[in-house]
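Here is a short briefing on one protein model. Keep the sequence and the 3D view open as you read.

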Amino acid sequence: MTAKPQSRRHVLKTAAAISAAASFGEVWTTAATAATEAVQKAAQTGIDQVLRQAAEIKDVAGVVAMAATEDGVLYQGAFGKRDLVKGSEMTLDSVFWLASMTKAITATAAMQLVEQGKLQLEQPMGALLPELAAPQVLEGFDDNGEPKLRFAKRPITLRHLLTHTAGFTYDIWDSNTGRYAKYAKLPGVITCKNAALTTPLAFDPGDGWEYGINIDFVGKAVEAVSGQSLDIYMRDHIFAPLGMTDTAFIIGPDQRTRLVSVHARKPDGSLEPVEFGVPQDPEFFMGGGGLYGTARDYLAFLQMLLHGGRFNGAQVLRPETVALMSKNHIGSQNVPGLWKTTAPDASLDVDLAGAFGQDLKWGLSFLINTHQGPAGRAPGSLTWAGLANTFFWLDPARRVAGVILTQSLPFVDPRAMKVYGQFESGVYKALNAS
């Protein structure tokens, strides 16, 4: 499948941003050192070839990929162009829109405050955030096209928000939400306007699972109890301690010179840059998808989780908190295996079951695969992605984490997914050969 060229209005309206495990077992808190030379060499040789070829044949405009074991960086590579029209070369320090890869970082901020007793997982959020005090459930539309609403049967808790069981959705995969947004003349969430967060619930809190704007409210909760804006809180408590100097909601002049353009897949299969950017003067900092950053920075975040909350000399989370975040928090419910798109320019149908198998679970806030992955990923691994085809995974059993960043639409474009699979396979092939 291919996508039609994007209009800026369509992207701004429909773009919505897209890891968890049974247990980390033994927690590692030592500082990372260089991965063994033999494993590094095996990874570099095999992965360089497939990523270079992907860029040359324009499966992706450009790509940056990095992986690390508990011993340190295993692989890093950058190929292709930041912008196919301008011709600027991709580099390891290129800056990408991370989209929903923001969610895991926002969840980390919230869990820091849970550790401090300032937030509680079962805490009703309505007392903290007035906009959640009286949530309503959308039961459909009447014959005149008017929405049928009723008050929710129970309050929304922090756990509901972190696990996407509160009832909030994204219009990109929920037609009723899209219809309501059109009826109420609501802006898209990517505009970072508070009105975008006024959509009703699809079901009563705790009664289902659907991906949505939940983590944006988590970001607001962090602000409410910390007394800091989300960007400043993350800078002070996550980014600075971990050395993530290029990750932010508001990017500076230096980062802008390294910014990767979002590309769209045209009907003939080629890619072209489109005008896109997260607002730099937002009404709210989009904790669900507003961050920009580099592969190096995100890998440092993953290494922190891999090392039980400690990295770069900083204890960002307690080991027991990382273990808690990595467990199934939706019980017998499963994350739906297939999401049907309502906006094929922004996302194709998302086949999670095809990628990760059945019985998919959710932690705080990551997808958990319960079966062995085709590339070698162990059951209980953590993963998620961003709308512009950015991906990460963390495998506690194999002690490895990886991040691969491209910048194209639609989400789950088959060519981008192929490159992701080749990268992951190359990482496990190198591990198995060591």
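**A covered strand and its partners**

Strand S17 (residues 400-405) is mostly covered, with six of its six residues buried. Buried means under 20% relative accessible area, exposed means over 50%, and partly exposed lies in between (1.4 Å probe, protein chains only). Strands (E, at least two residues) and helices (H or I, at least four) are DSSP runs, numbered from the N terminus.

This is a predicted model: local features need pLDDT of at least 70, side-chain atom pairs count only at pLDDT 80 or more, and totals for chains, interfaces and linings use all residues. Residues are numbered from 1 along each chain as its sequence is written, and side-chain values use heavy atoms, leaving out hydrogens and water.

**Around strand S17**

- In a regular strand the side chains alternate between the two faces of the sheet.
- In S17, Val400, Gly402 and Ile404 point one way. Ala401, Val403 and Leu405 point the other way, and all are buried.
- Strand S1 (residues 62-69) pairs with S17 in the antiparallel sense, over six bridges. Two strands pair if DSSP finds at least two bridges between them.
- Ala68 has Ala401 in S17 as its bridge partner.
- Strand S16 (residues 390-395) also pairs with S17 over six bridges, in the antiparallel sense. Here Phe391 has Ile404 as its bridge partner.
- S16 and S17 form a hairpin with four residues between them. Arg399, in the turn, has a positive phi of about 60°.

**A three-strand sheet**

- Which order do the strands take in the open sheet of three? The order is S7-S6-S18, with mixed pairing.
- Strand S7 (271-273) and strand S18 (408-409) stand at the edges. Each has a single partner strand, so one side of each is left without a neighbour in the sheet.
- Strand S6 (residues 263-265) and S18 run parallel, joined by two bridges.
- Ala264 stands opposite Leu409 in S18.

**Nonpolar cores**

- A nonpolar core is a set of buried Ala, Val, Leu, Ile, Met, Phe, Trp, Tyr and Cys residues joined through side-chain atoms within 4.5 Å.
- The largest one has 135 residues, and Tyr298, Phe301 and Val403 touch the most other members. Helix H9 (residues 295-306) gives the most to this core, with nine residues.
- Leaving aside neighbours within four places in sequence, Phe301 is in contact with Ala104, Ile105, Thr108, Leu242 and Met244. Contact means heavy atoms within 4.5 Å.

**Salt bridges**

- Side chains of opposite charge can pair when their charged atoms come close.
- How many salt bridges does the structure hold? It holds 16. A salt bridge is a side-chain nitrogen of Lys or Arg within 4 Å of a carboxyl oxygen of Asp or Glu.
- Arg82 forms a salt bridge with Asp93, with the closest N and O atoms 3.8 Å apart. Both residues lie in the loop between strand S2 (72-80) and strand S3 (96-97), eleven residues apart.
- Arg82 is buried, at 10% relative accessible area. Asp93 is partly exposed, at 28%.
- Glu139 forms a salt bridge with Arg150, with the closest N and O atoms 2.7 Å apart. Glu139 is in strand S4 (residues 136-141) and Arg150 in strand S5 (residues 147-151).
- Asp207 and Arg154 meet in a salt bridge of 3.0 Å, N to O.
- Asp207 is partly exposed, at 47%. Arg154 is partly exposed too, at 34%.
- Arg82, Asp93, Asp246, Asp254 and Arg258 are linked in a network of salt bridges.

**Two buried residues**

- Is Asp246 buried or exposed? Asp246 counts as buried, at 13% relative accessibility.
- Asp246 sits in the loop between helix H7 (230-242) and helix H8 (253-257).
- Asp246 and Tyr292 are 46 residues apart in sequence, yet 7.8 Å apart in space, C-alpha to C-alpha.
- Thr321 is found in helix H10 (residues 319-325). Thr321 counts as buried, at 8% relative accessibility.
- Leaving aside neighbours within four places in sequence, Thr321 is in contact with Met111 and Glu115.
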